[in-house]
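Trainee: I would like to go through this model with you, helix packing included. Could we take it one question at a time?

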Amino acid sequence: MKKTWILGLVACLLSACSYPYAEDLTRLETDTDAALASLKGLYAEGIEADYADLERHASIARTKRFDSVHEPYFRNEFEVLKYHYRQTSRWFELQSYAEWEAQLTYGLEQIRALKHDAEKGLLDEEAVRQALESEKNALLPLVAEIETSCAAMRELMAQHDSLDNHWQMMWDRWENPNL
């Protein structure tokens, strides 16, 4: 039993180290795939609809004139609206979904091709190292930007429904305080 366990462990170690930089390639592939899933999930969760709501609220806010009766709204509510709108606008100004998806998909294809070539021994260790460094330099900043931005957008989206209702009630009461 003990011999079988040791042989299994040795086989696992040998298969994991069957080509140079296997762990780094797998980690880069996993991170890139996770960023792509995070990006797709953000759009599936409705970021575009949330942004359309924010645009609507921002356009309504632009029509409101400052007066002392509504000063608390201008100081508090409009600042919150402006913050949410600016943050979400930045997301859409950075790059389009199609551009980010294309970059990540291309990166995944490159990693998988490099992984295949390394597994089959088609590249020597130095060529794998250089190609891996090149892929890391291209993908890691993109992956970090997408993950950070997606997390920030999810945080804003978590507050969206309650703020959307709040702002709508504010607009409804703006002209008619008796509502």
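Trainee: At what angle do helix α2 and helix α5 pack, and how far apart are their axes?

Mentor: This is a predicted model, in which local features need pLDDT of at least 70, side-chain atom pairs count only at pLDDT 80 or more, and totals for chains, interfaces and linings use all residues. Residues are numbered from 1 along each chain as its sequence is written, and side-chain values use heavy atoms, with hydrogens and water left out. Helices are DSSP runs of H or I of at least four residues, strands are E runs of at least two, and both are numbered from the N terminus. Axes are lines fitted to C-alpha atoms, for helices over the stretch in contact, with angles from 0 to 180 degrees between N-to-C directions; for α2 (residues 22-44) and α5 (residues 97-119) the values are about 160° and 10 Å.

Trainee: Which orientation does that give α2 relative to α5?

Mentor: Angles under 35 degrees count as roughly parallel, over 145 as roughly antiparallel, 65 to 115 as roughly perpendicular and the rest as oblique. The angle here is about 160°, so α2 is, relative to α5, roughly antiparallel.

Trainee: How do the residues of the contact of α2 with α5 divide by class?

Mentor: Contact means heavy atoms within 4.5 Å. The contact includes L25, L28 and L36 of α2 and W100, L104 and L108 of α5. Ala, Val, Leu, Ile, Met, Phe, Trp, Tyr, Cys and Pro count as nonpolar, Asp, Glu, Lys and Arg as charged, and the others, Gly among them, as polar. The division is 13 nonpolar, three polar and six charged.

Trainee: What is the orientation of α3 and α6 to each other?

Mentor: The axes of α3 (residues 47-62) and α6 (residues 125-175) come within 10 Å and cross at roughly 40°. The two helices are therefore oblique.

Trainee: Is H84 buried or exposed?

Mentor: H84 lies in helix α4 (residues 71-94). Buried means under 20% relative accessible area, exposed over 50% and partly exposed in between, with a 1.4 Å probe and protein chains only. Because its relative accessibility is 5%, H84 is buried.

Trainee: Which residues is H84 in contact with?

Mentor: Neighbours within four places in sequence are left aside here. The contacts of H84 are then L54, L156, Q159, L163 and W167.

Trainee: How many helices and strands are in the protein chain?

Mentor: From the N terminus on, the elements run α-α-α-α-α-α. The count is six helices and zero strands.
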